[in-house]
Amino acid sequence: MIYNIKTLSQTKKIAQEFAQIIKNKNQAIIFLKGDLGSGKTTFVRFVLHYLGIKDFKGSPSFTIAHEYYTKEKKVIHMDLYRIQTKEELLNAGIFEYFDQVAIFFIEWPNLLEIKPDIVIEFNLTIKQRSIGIDWATN
Ligand SMILES: Nc1ncnc2c1ncn2[C@@H]1O[C@H](COP(=O)(O)OP(=O)(O)OP(=O)(O)O)[C@@H](O)[C@H]1O
Ligand SMILES: [Mg+2]
């Protein structure tokens, strides 16, 4: 399903629906794909809000990941933008994170050779934004 996005509140509404799906899970790997500034972090911020996480820390930069807890689950938000090689991925200790039972939101996952459960594609052109979610794979 591809949603054309004209306002921030539209992104918020999709994030709310997405949070409902995530609420039923303990473990999921979610890839967020799309160019710089296409709205990945904004979407994650809203989903976390609807999961009851009130202390969103922004996109991880100096650290690779930010970790959050709700009553029932652990949520890990990763941003791999700065990682340029598979060796750097290994050195950053990325793969140890995946030993945990958690919901993973991963921006810039291109180098990761793991299979996501859900892929969300963000698109931004001069004319419009869109968010594509493959709900069927959930
Ligand atoms: N639906 C929207 N409507 C209007 N502005 C938006 C929308 N979604 C995101 N933005 C704005 O676009 C800018 C970039 O968003 P965001 O940081 O979420 O992008 P990103 O894909 O995470 O970028 P990066 O690749 O740098 O991590 C922010 O200023 C944000 O407020
Ligand atoms: Mg981002």
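Which residues coordinate the magnesium ion (ligand 2)? In this predicted model, where local features need pLDDT of at least 70, side-chain atom pairs count only at pLDDT 80 or more, and totals for chains, interfaces and linings use all residues, side-chain values rest on heavy atoms, with hydrogens and water left out. Residues are numbered from 1 along each chain as its sequence is written, while chains are lettered from A and ligands numbered from 1 in the order in which they are written.

The magnesium ion is coordinated by T41 through OG1 and by E107 through OE, at 2.0 to 2.2 Å, donors being N, O and S atoms within 2.8 Å of the metal (3.2 Å for Na, K and Ca). Because T41 belongs to helix α2 (residues 40-50) and E107 to strand β5 (residues 103-107), the pair ties together parts that are 66 residues apart in sequence; helices (H or I, at least four residues) and strands (E, at least two) are DSSP runs. T41 is partly exposed, with a relative accessible area of 23%, whereas E107, at 3%, is buried (buried means under 20%, exposed over 50%, partly exposed in between, with a 1.4 Å probe and protein chains only).

Ligand 1 is surrounded by 15 residues, of which T11, G37, K40, T41 and T42 are the closest, a residue being included if one of its heavy atoms lies within 4 Å. An oxygen atom of ligand 1 is 2.7 Å from an N or O atom in the side chain of K40, and an oxygen atom of ligand 1 lies 3.2 Å from a polar side-chain atom of W108. Helix α2 contributes three residues, the largest share of the shell around ligand 1.

Definitions and conventions: A polar contact is a pair of N or O atoms within 3.5 Å; within protein, one must be able to donate a hydrogen and the other to accept it, and residues adjacent in sequence count only if both atoms are side-chain atoms.
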